[in-house]
Amino acid sequence: MRAPDPDAPRLPSSPGFWRSPLRGPWFTSVLGLVLLVGITVLFVTGLVSYAAYNPGLSPVNDKTPDRGILGFYLFAWPTDPHWLYRLNQGVHVTLGITLIPVLLAKLWSVVPRLFALPPARSLAHALERISLLLLVGGALFQFVTGVLNIQLDYVFPGSFYPLHFYGAWVFFAAFVAHVLLKMPTALRNLRHLREERNDLVTPRPAEPTFSRRGALWFVGSGSLLLFATTVGQNFDSPLRRTALLAPRGGGDPGSGPNGFQINKTAAYAEIDAAETGEDAWRLAVTGRTGTVRLRRDELLRLPLHSAALPIACVEGWSTSDQWWRGVRLRDLAALVGYDDDPPDVFVESLQRSGAFREAALRANQVADPRSLLALYVNGEELSPDHGHPARIIVPAAPGVLNTKWVARMTFGDL
């Protein structure tokens, strides 16, 4: 047994305390460039996901009402292509999980700098240290809250939406500052592998267990494993069974026309079966000419149309295209006085509590001929869990805006 070295540094701030020979500018720079691309994509897809909710349309869609100038980029969310939100959110969540090993390796590679003394040797060094602290804290916060949301573990204080939204802006601001400060050095390190010497290189290296390239292969293999056990949640096929780390993967959603993934069950939403029966349920449609109340059999006598559309949720899971059949939203608008120019619509569910029991849709979403008040899916009546007696389905919309168990629709400018 090797005797302890009496001259070994005992403080993390000492240059020889961190002894791994893997640490160095080249290793850190490679990981940093991967994160530069990956985190930029995450930030953009995250903002796009927020825009998909049309938060400027109605307070019920807006979970960050105090965003101020941070909402400068918002735009009316389109309905084409119909898989737009499915692609965006699938990339955002799958890429975020895939980058976790890269992020952890990057943090490990620069940990000596977190303890370096003095705290600031110059103004530029002070700015770098501040950006590094914000970067590390922001990265951990964003990735942890994101993973918890994906796993439906809402253990953080407050609502996920504002926490993740404002956290993203703080994190990305620190990320941009850090990139501007370190990019020239990172590029030099990649070009001059043999000349690297800085505070990340330990003066007392331990015996190496594998090479830096081997370490990169190890990190890449971890990312590939997480990708393989997550990406399947975006497909209705045997591939979904491989999504072992996703709450909407691996499990069996059942068979038959209604056998595809759901977010909330009727039991979870506390939907009373007595309210959805043929004798009790009525759809109230309100607009310019007043209110019309329709039984389900009366809806079935209206012109019915079909559309092949997916369900895509903010947690990153989605279904392939399902065949929905029902009444076009623009035809319901015409019943209450909007024959030529359908307006926005405010939709209310029988669900009594919870986020998005009410939702608003823009006029362009109402006007799209594929936007339906669906009564059937894949040739069969909707099951209770899929929204019986009627639900909204709109192309390219986040899943929570496709309201289930619809009770009332109010057309007009919101």
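Which residues lie nearest the centre of the second largest cavity? The legends below answer this and describe further close-up views of a predicted model.

**Figure 1. The second largest cavity and its lining.** T28, G32, K106, H178 and K182 lie nearest the centre of this cavity, out of 28 lining residues. The space within the second largest cavity amounts to about 390 Å³. Helices α1, α3 (100-114), α4 and α5 each contribute at least two residues to the lining, and the largest share, 9 residues, belongs to α5. By class, 18 of the lining residues are nonpolar, 7 are polar and 3 are charged.

**Figure 2. The largest cavity.** The model holds 5 cavities of 30 Å³ or more, and the largest cavity has a volume of about 620 Å³. Its lining comprises 31 residues, and those closest to the centre are G46, H92, Q142, F160 and H164. Two or more lining residues come from each of α1 (25-51), α2 (84-98), α4 (123-150) and α5 (160-191). The lining is made up of 19 nonpolar, 11 polar and 1 charged residues.

**Figure 3. The largest pocket.** This pocket has a volume of about 580 Å³. Among its 24 lining residues, Y154, K264, Y268, E315 and A355 are the closest to the centre.

**Figure 4. The largest nonpolar core.** In soluble globular proteins, nonpolar side chains tend to be buried together. Here the largest nonpolar core contains 41 residues, of which L299, L329, L332, L373, I392, M409 and F411 touch the most other members. At least two residues of this core come from each of β1 (283-287), α9 (329-335), β5 (345-349), β6 (358-361), β7 (372-377) and β10 (406-411). Strand β10 supplies the largest share, 4 residues. Another core, of 31 residues, lies apart from this one and includes L103, V136, F143 and V219.

**Figure 5. The surroundings of F411.** Leaving aside residues up to four places away in sequence, F411 touches V285, T286, G287, L329, L332, A333, V336, Y338, P343, D344, V345 and V366.

**Figure 6. W324 in strand β4.** Strand β4 spans residues 322-328 and includes W324. Because its relative accessible area is 0%, W324 counts as buried. The side chain of W324 reaches two backbone oxygens: that of L309 at 3.0 Å and that of Q322 at 3.3 Å. From C-alpha to C-alpha, W324 and I39 are 36 Å apart in space, and 285 residues separate them in sequence.

Technical notes. Residues numbered from 1 in each chain as written. Predicted model: local features only at pLDDT ≥ 70, side-chain atom pairs only at ≥ 80, totals over all residues. Heavy atoms only, no water. 1 Å grid on protein atoms, 1.4 Å probe; cavity = no way out; pocket = protein on both sides within 12 Å on 5 of 7 lines; lining within 4 Å. Points joined across faces, edges and corners; volume = space filled by probe spheres on them. Core = buried A, V, L, I, M, F, W, Y, C linked by side-chain atoms within 4.5 Å. Buried < 20%, exposed > 50% of the residue type's maximum accessible area, 1.4 Å probe, protein only. Contact = heavy atoms within 4.5 Å. Polar contact = N/O pair within 3.5 Å; in protein donor to acceptor, adjacent residues only side chain to side chain. Nonpolar A, V, L, I, M, F, W, Y, C, P; charged D, E, K, R; others polar.
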